Amino acid sequence: MESLEKESAIAQDYLARIAKEAEAKFDEHLPPVSDRPCRLHEAMRYSMFAGGKRLRPGLAKATFDMFGGKGDKIWLATSALEMLHTFSLIHDDLPCVDNDDYRRGKLTSHKKFGEATAVMAGDALCVQAFELMGRAGDARAIEVLAHLLGTYGMIGGEMTDIECEGKTVDLEIVDYIHYHKTAALIEASLQVGAMLAGADEKSIAAIRNYGRSIGLAFQIVDDILDIVSTTEELGKDAGSDLEKGKATYPSIVGLENSRAKAKELYDESLKALDGLACDTSILRAIAAFIITRVK
């Protein structure tokens, strides 16, 4: 466990450094509040700068560097990825979906700006993201990102999550939801970084497997944190998954088995990296960070 904690600390330092650089680019890539429609641009910026680990930009930058990527196009992609993640959070928090009042310790977009503006802010961030990806100039990366965002990815997972609220479901459905709702965009972030760096198909396949494993682990840990953490620690309402009858790992297999599954996925993620000739130390550290977020 001590070695995992050391790896986690390395990952946290890396993500904090990349977050600082990425956020400077967010400011460049978002419309200024002074431009019309001003309130919409204010809402977009409010949610984009509401905090967070910036995991997806960090993963994209890590794979881009790992495969020898050059130039500034990666920063277009990191902004796009965070815009897409933020779009998903804004819509997830809406009264017609999860009806959450707080996100990362701040009022959610619809509580701050009203429901209509929140919907428009999420929509605008999604569109802006693909404008940036177009400027990054890799059609394969755009195609992969769109696929893993759409009905066969994140949006499909969110829809299934909504449909399963309050119902008794099996582990296969929970895995489906978790992969599509969370792991798909994490997997896409890694692939985008690798593709922009010109990685070969074998390497991209290894990165894809790594992403699937850490993405599932990430959501399982989130499921656990919803039970064992306080509202102050989470920055949002603790226990909301249980209250809403969400399909989660602890609700199916219990807390200890959920922890064991997260560790199993961590081991799988490291195996996925074993065949790569480049330095994978940052990705290994990020995998450790993901499973050590919960004790």
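1. The loop between α4 and β1 (102-103) is where N99 is placed in this predicted model, and this residue, although not a glycine, has a positive phi of about 55 degrees. N99 counts as partly exposed, because its relative accessibility is 45%. As background to this point and the next two, most residues other than glycine have a negative phi, and most peptide bonds are trans.

2. R104 belongs to the loop between β1 and β2 (106-107), and with a relative accessibility of 26% it counts as partly exposed.

3. The peptide bond that joins R36 and P37 is cis, with omega at about -5 degrees. P37 has its place in the loop between α1 and α2 (38-48).

4. As for the fold as a whole, the protein chain contains 15 helices and two strands, and its C-alpha trace spans about 50 × 45 × 35 Å along the principal axes. The radius of gyration is 18 Å, which agrees with the value near 19 Å that a compact globule of 295 residues would have. Of those 295 residues, 54% count as buried. Among the contacts with a separation of 6 or more, 74% are accounted for by residues 24 or more positions apart.

5. Helix α4, which covers residues 73-92 and so has 20 residues, reaches 29 Å from its first C-alpha to its last, a span close to the 28 Å expected at 1.5 Å a residue. Because 18 of its 20 residues are buried, α4 is largely enclosed by the rest of the structure.

6. One of the helices against which α4 packs is α9, at an angle of about 170 degrees and with the two axes 10 Å apart; the two helices are therefore roughly antiparallel to each other, the cut-off for that term being an angle over 145 degrees. On the α4 side the contact is made by K73, I74, A77, L81, L84 and H85, and on the α9 side by L185, S189, V192, G193 and L196. Sorted by class, the contact of α4 with α9 has seven nonpolar, three polar and one charged residues.

7. Helix α7 (residues 139-149) also packs with helix α9 (residues 171-196), here at an angle of about 175 degrees and with the axes 9 Å apart, which makes α7 roughly antiparallel to α9. The residues that make this contact are R140, A141, V144, L145 and L148 of α7, together with Y179, A184, L185, E187, A188, Q191, V192 and M195 of α9. By class, the contact of α7 with α9 has ten nonpolar, one polar and two charged residues. L185 and V192 of α9 are named in the contact with α7 and also in the contact with α4.

8. A11 is part of helix α1 (residues 2-29) and is buried, with a relative accessible area of 0%. Leaving aside neighbours within four places in sequence, A11 is in contact with A285, I286 and F289. The C-alpha atoms of A11 and I290 are separated by 9.2 Å, although these two residues are 279 residues apart along the chain.

9. L59, in helix α3 (residues 55-66), is likewise buried, with a relative accessible area of 0%. When residues up to four places away in sequence are not counted, L59 touches I186, L190, Y210, I214, L283 and I286; I286 is also one of the contacts of A11. From L59 to G157, by comparison, the sequence separation is 98 residues and the C-alpha to C-alpha distance is 21 Å.

10. A118 lies in helix α6 (residues 115-136), where it is buried with a relative accessible area of 0%. Residues up to four places away in sequence aside, A118 touches I90, H91, L94, S109 and H110. A118 and T182 are 64 residues apart in sequence, and their C-alpha atoms are 21 Å apart in space.

11. Q219 is found in helix α10 (residues 201-228) and counts as buried, because its relative accessibility is 8% and the limit for that class is under 20%. Apart from its neighbours within four places in sequence, Q219 is in contact with H178, K181 and T182.

Technical notes:
Residues numbered from 1 in each chain as written. Predicted model: local features only at pLDDT ≥ 70, side-chain atom pairs only at ≥ 80, totals over all residues. Heavy atoms only, no water. Helix = DSSP H or I, 4+ residues; strand = E, 2+ residues; numbered from the N terminus. Buried < 20%, exposed > 50% of the residue type's maximum accessible area, 1.4 Å probe, protein only. Contact = heavy atoms within 4.5 Å. Axes fitted to C-alpha atoms, helices over the stretch in contact; angles between N-to-C directions. Parallel < 35°, antiparallel > 145°, perpendicular 65-115°, else oblique. Nonpolar A, V, L, I, M, F, W, Y, C, P; charged D, E, K, R; others polar. Rg over C-alpha atoms; globule rule 2.2 N^0.38 Å.
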